[in-house]
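Thanks for coming, everyone. Please take a look at the model on the screen, and then I'll walk you through it.

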Amino acid sequence: MLTTLGNVIKDAHASASAKLPAGLVLSLAAYGIHPQSFLRELIGTVIMIGFTFPAGKWIGADSLPVAWACHAIGVILADKIGGGYHVNPAVSTTMYVLGEVDYNECYARIAGAMAGGILSFPFYLMVTDATGLTPLGGPDFSPEISVDAFISECVATCLAGGILSFPFYLMVTDATGLTPLGGPDFSPEISVDAFISECVATCLLLLAIFILNWEMHFGKFHYYIKQFLTALAIRSLIEFFPTAGPALNPMLGTAWAIFATGKIPDDPAHFFVYWVGCCLGGFIAALLYAIYAGKEICGKKLPIGPFKKPKVSSDKKKK
C-alpha cells in the first residue's frame with residue numbers, strides 16, 4: 001500500500017515537473033512552512049519585476065533620466081501594492097542573521113521569491129509577445145575561456161605525448177613514494193570578478209536598506225522619500241557593478257537562468273556568483289550594522305560595538 005502510494009506521488013511529481021518550469025515544484029513545496037510569507041514574496045516578486053524591469057526597456061529606452069525615474073516609481077508602487085516584502089534571498093538571509101525573521105519564515109520567503117521569479121519571466125514574455133514590446137532581459141555573466149588557447153594547448157599536448165606522460169609518471173610516483181607531479185591550472189577570472197561585484201554591490205545595497213529604514217526618518221513623507229532613495233541606490237549599483245548582470249539578488253540570477261535555458265543551472269560558478277556572492281555581501285552588511293548598532297548576529301552578542309549613540313528621552317532632555 002505504502003509502496004503504491006509512494007509510486008503515485010513520484011509519478012505525479014515527475015509529471016508536474018515535466019510540464020512546469022524547472023524548480024517551480026520544489027519552490028511551491030515550501031508553501032506550508034509559512035504560507036503568508038510565501039504568498040507575499042511570490043506576489044511581491046511578480047509585481048516587482050513587472051514594475052521595475054520595464055525601465056529602460058518599455059519606458060526610457062532612449063533616455064537615462066526617464067529610465068531612472070521609471071525605475072524609482074516602479075520600486076515605490078511595487079512595494080506599496082505588494083504590502084512590503086523582501087523579494088531577495090540575500091535580504092531574507094541577512095534579516096535571519098540579524099534575528100528579524102526566524103528560520104521558517106526565511107525559508108518560506110526565499111522559496112516564495114523563487115517561485116515568483118520562475119513564473120514572472122515566462123509571464124512577461126507572453127505580455128511582450130502579445131503587445132510587441134521589447135522583451136525584458138535578466139542578469140547574466142559568461143565565464144569565457146579562450147577557445148584559441150584551448151585548441152593550442154590541446155594540439156601541442158597531444159603532439160608532445162602529454163596525454164601519456166602524466167598517467168605514466170603518476171605510476172612512477174605511486175611506486176616510489178615521490179611527490180606527485182603538478183601541472184598548470186586555469187581559473188576563469190571573470191567568475192571571481194563577478195563574485196566580487198555581486199558581493200560588494202549587495203553589501204552596499206543592504207547597508208543602504210538598514211540606514212534608510214532603521215536610522216533615518218524623513219517626516220511626513222518618510223515612506224516615499226525612503227523608497228525613492230532605495231530605488232536610487234539600486235539603480236546606481238546596477239550602473240556601477242555591471243559584471244554579473246548585475247542581479248544583487250540570487251532569485252533574479254537563478255530565475256532568469258531557468259527561463260533562458262529551461263533547466264536549473266548546473267554550473268557551480270552560477271551559484272558561487274549569485275548565491276554565495278550576494279549572501280556573503282548581505283552577511284558582511286549585517287556584521288557591520290550589528291557592530292554599529294549593537295545588534296546580535298545569529299543570536300550571539302559581538303565582542304565589539306555598539307558605536308551608535310543611545311537616544312536620549314525627552315524627560316532626560318528637560319532635566
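What share of the 319 residues of the protein chain counts as buried? The answer is 39%. Buried means under 20% relative accessible area, exposed means over 50%, and partly exposed is in between, with a 1.4 Å probe and protein chains only.

Some ground rules. This is a predicted model, where local features need pLDDT of at least 70 and side-chain atom pairs count only at pLDDT 80 or more, while totals for chains, interfaces and linings use all residues. Residues are numbered from 1 along each chain as its sequence is written, and side-chain values use heavy atoms, with hydrogens and water left out.

Now confidence. pLDDT is the predictor's confidence in each residue, from 0 to 100. The protein chain has a mean pLDDT of 83, and 78% of its residues reach 70 or more. Confidence is highest in H5, at 96, and lowest in helix H7, residues 147-160, at a mean of 42. Residues 145-163 have pLDDT below 50, and this stretch has 5 contacts in the model beyond near neighbours in sequence. Contact here means heavy atoms within 4.5 Å. Residues 183-187 also stay under 50, with 1 contact beyond four places in sequence.

On to the fold. The protein chain has 13 helices and 0 strands. These are DSSP runs numbered from the N terminus: helices are H or I with at least four residues, strands are E with at least two. Take the contacts in the protein chain with a separation of 6 or more: residues 24 or more positions apart account for 73% of them.

What about the inside? The largest nonpolar core has 59 residues, and Met48 and Ile49 have the most contacts inside it. Such a core is a set of buried Ala, Val, Leu, Ile, Met, Phe, Trp, Tyr and Cys residues joined through side-chain atoms within 4.5 Å. The largest share of this core, 10 residues, comes from H6. Look at methionine 48. Leaving aside neighbours within four places in sequence, its contacts include Phe53, Tyr85 and Leu252.

Next, the rings. Rings of Phe, Tyr and Trp (its six-membered ring) pair if their centres lie within 6.5 Å; planes under 30 degrees apart are stacked, over 60 edge-to-face, and the rest tilted. By this rule there are 14 aromatic pairs. One of them joins tyrosine 31 and phenylalanine 38: the centres are 5.7 Å apart and the planes at 85°, so the pair is edge-to-face. Tyrosine 31 is partly exposed, at 38% relative accessibility. Phenylalanine 38 is buried, at 2%.

Now find phenylalanine 53 and phenylalanine 121. Their centres are 5.8 Å apart and their planes at 70°, so this pair is edge-to-face. Phenylalanine 53 lies in the loop between H3 and helix H4 (64-82) and phenylalanine 121 in helix H6, so the pair ties together parts 68 residues apart in sequence. Both are buried. Ring pairs link Phe53, Phe121, Trp256 and Phe259 into a cluster.

Some rings have a charge over them. That needs NZ of Lys or CZ of Arg within 6 Å of the ring centre and within 35 degrees of the ring normal. Lysine 80 lies over the face of tyrosine 223, at 4.7 Å from the ring centre. The charged end of lysine 295 sits over the ring of tryptophan 214, 5.6 Å from its centre.

Last stop: serine 197, in helix H9. Serine 197 is buried, at 6% relative accessible area. Beyond four places in sequence, serine 197 touches Phe241 and Thr243.
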